[in-house]
Amino acid sequence: KKEDLNHLNCLGNHLGYLDVDMQERTLKLYLEQLDLTIDYLRQNQREKCRLYTSLGIMGGMFLVIVMF
């Protein structure tokens, strides 16, 4: 996605001109941000899966009622 590319571009801009210790810290910060993003997306996925399952069941019940 565009947002992911922007984060990666920002990381690339900060690497290469600082000392090794600062570059390692920058990489660790980037990895922490990725972990937070992954956790957020997983949480959203669980919520959406439950919602879609419920909507499917309700839609099926609605069709059964309408057909009879």
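The accessible surface of the protein comes to about 6,400 Å², and carbon and sulfur atoms account for 64% of that area. Keep in mind as you look around that this is a predicted model. Here is a short tour, from the overall fold down to a few individual residues.

**Fold and overall shape**
- Two helices and zero strands make up the secondary structure of the protein.
- The protein is more spread out than a compact globule, because its radius of gyration is 22 Å, well over the 11 Å that the globule rule gives for 68 residues.
- Along the principal axes, the C-alpha atoms fill a box of roughly 75 × 20 × 5 Å.

- The protein carries 8 positive and 9 negative side chains.
- The centres of these two charge sets lie 9 Å apart.

**Cysteines**
- Zero disulfides turn up in a search of the whole structure.
- C10 has a relative accessible area of 39%, so this cysteine is partly exposed.
- C49 is also partly exposed, because its relative accessibility is 42%.

**A look at L8**
- L8 sits in helix α1, which covers residues 2–14.
- With a relative accessibility of 45%, L8 counts as partly exposed, since that class lies between the 20% limit for buried and the 50% limit for exposed.
- L8 and Y30 are 22 residues apart along the chain, and their C-alpha atoms are separated by 8.6 Å.

Notes: Residues numbered from 1 in each chain as written. Predicted model: local features only at pLDDT ≥ 70, side-chain atom pairs only at ≥ 80, totals over all residues. Heavy atoms only, no water. Helix = DSSP H or I, 4+ residues; strand = E, 2+ residues; numbered from the N terminus. Rg over C-alpha atoms; globule rule 2.2 N^0.38 Å. Areas by Shrake-Rupley, 256 points an atom, 1.4 Å probe, with all protein chains shown as cover. Lys, Arg positive; Asp, Glu negative; His and termini not counted. Charge placed at Lys NZ, Arg CZ, Asp CG, Glu CD. Disulfide = S-S within 2.5 Å. Buried < 20%, exposed > 50% of the residue type's maximum accessible area, 1.4 Å probe, protein only.
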